[in-house]
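Please look over the structure shown here.

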Amino acid sequence: MNAKLTDRIATICFYLIAFLILSVLAILIGFILYQGLHVIDWTFITQPPGSILTGGGGVAPQLFNSFYLLVLTMLITIPIGLGGGIYMAEYAKPGKWTQMIRLSIEVLSSLPSIVVGLFGLLLFVQLTGWGFSLLSGALALSVFNLPLMVRVVEQAISAVPKEQTEASLALGVTHWQTIMKVILPAALPGIITGFILASGRVFGEAAALLFTAGMTSPVLDFTNWDPSSPTSPLNPLRPASTLAVHIWKINSESIVSDASKIAAGSSALLIIGVLIFNLSARFLGQWFYKKLTSTR
Amino acid sequence: MTSQAVFQFQTAQENIHPLPQMEQVTQLEAKQVNVFYGSKHAVKDIHLSLYKNSVTAFIGPSGCGKSTFLRCLNRMNDTIPSAKVTGEIMIDGINMNQSELNATQIRRHIGMVFQKPNPFMKSIFENIAFAPRLYGASKAECKQLVEESLQKVGLWDEVKDRLHHSALELSGGQQQRLCIARAIAMKPSIILLDEPTSALDPISTSKIEQLILELKKDFTIAIVTHNMQQAARISDYTAFFYMGDLIEFNHTNQLFHQPSQQATIDYLTGRFG
């Protein structure tokens, strides 16, 4: 076989693989949207679930919980993840200790989420005495988002050319100022990617939340913004089911008559939510990066 | 051929700038400087002075320790964990090479320009204003510093309408001049240049060489170069390094015209390197 032909065949193969991946994605999203889109209307987005007898209603609390849980999780994950990533990339000296940390991070990121859920049940739900709560859920999610975040931040920082650091240090800028003002802005696109990946896991996670944030949502009063009130949506110590948990629960143990309809609508809503969130995070990140680096 | 080449250096030297009859005021004196990378003895017992408002060129074949030595002068070797620098680097009667002294503060007064232009991924303005601002320069001072520094490196007219564009939009030669502007904005007393033109085209190179001759009015300059003609064109003193040793250090004219060491003669006549 001559080189030209081999090259052509290989090229076609790669195109086919790319096409295959794209079509799987397209079929999946298409199917979910086709099944669920007609269920979604204003009532579905803004109303709580109806009663078992009547069915109907919406998924407003679950939708809110998904995003609120994301915020809580990121409040924990981002500072620690950034700190860990900065430490690993800039301060950790090669050796036994660093290797240990790296190994721990890898083990942590490969833990099955159900195990993290049970661990969260013991530690964040029972030992703390909080019961099923958003905060317990956020802590459990942080447990497996942290390794991802640390790794992505470390890689993003390491990918910033060494010359940038040298230039800054040679000007008499301290190591810390160099990290904050030169390296992190340059590493921002990579960090945003990590943030989006971690967010995706929060939106999609169900197993770890079953035992930590719980499967139910109390009746919420969306006009009550006092975080200490049990009916306030902002209360971090209330139980909360996210959209993903809701889908699982509706499909597996619900007895409402329109269960499949609700599940389909929730799935579609979840996908749309994730898409909008990803796109806007990327867009915001790009905007911020351009502002910091003056590229256009 | 050999004597001709030397003769050319000499005439170039005389045409462009005859050896100045200046008094030698020592700006920096390195005494018994050694550098070890792990077990490798990269720079051996160097004794060398930089004189005020003069250009000193470090020449020698690759791996001879000239860049490593240059990086001792502003403590940049501190950033390499395996490197150990011994000896004294005296500036104004103070040894800069002692761990009690803060390397950050020292680097503030000794500017450095690198082989590959390395502007920050920031705007042209920010590239220059960044470090002075951290040292407390006000907004107005920053603005003035930016203009002043860009004027000095001859970049102002080329970029004054796009100060807030990314520095990465500039050409390689412009980027290198921006890096020089960034260094002089800190108002250092010494500027170290580590092969600043090796990544540039001939026109940009000649612009930078002109600039160096201009800058020595205000600063003391040390330049590492691979290019012997460049050393002959712009330097007042030349130090020839070989295998980590300082073989010969003299007025550039003297060193190129009447080298005293056999190794220098061999290098200058192209027998190695």
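This is a predicted model: local features need pLDDT of at least 70, side-chain atom pairs count only at pLDDT 80 or more; totals for chains, interfaces and linings use all residues.

Which residues in the largest nonpolar core touch the most other members? They are Phe44(A), Ile157(A), Ile191(A), Phe195(A) and Leu269(A), in a core of 59 residues. A nonpolar core is a set of buried Ala, Val, Leu, Ile, Met, Phe, Trp, Tyr and Cys residues joined through side-chain atoms within 4.5 Å. Two or more residues each come from helix 3 (60-91), helix 5 (113-127), helix 6 (134-158), helix 8 (175-204), helix 9 (207-210), helix 10 (243-253) and helix 11 (259-293) of chain A. Helix 8 of chain A gives the most, with 13 residues. Helices (H or I, at least four residues) are DSSP runs, numbered from the N terminus.

Ile191(A) touches Leu82(A), Met149(A), Val153(A), Ala156(A) and Leu184(A), leaving aside residues up to four places away in sequence; contact means heavy atoms within 4.5 Å. Another core, of 47 residues, lies apart from this one and includes Phe125(B), Ile128(B), Leu170(B) and Phe240(B).

Phe288(A) lies in helix 11 of chain A. Phe288(A) is partly exposed because its relative accessible area is 43%, where buried means under 20%, exposed over 50% and partly exposed in between (1.4 Å probe, protein chains only). Residues are numbered from 1 along each chain as its sequence is written, chains are lettered from A and ligands numbered from 1 in the order in which they are written, and side-chain values use heavy atoms, leaving out hydrogens and water. Chain A averages a pLDDT of 90, and 99% of the residues score at least 70. Confidence in chain A is lowest in helix 2 (residues 42-46), at a mean of 87, and highest in helix 7 (residues 162-170), at 95.

Note on methods: pLDDT is the predictor's confidence in each residue, from 0 to 100.
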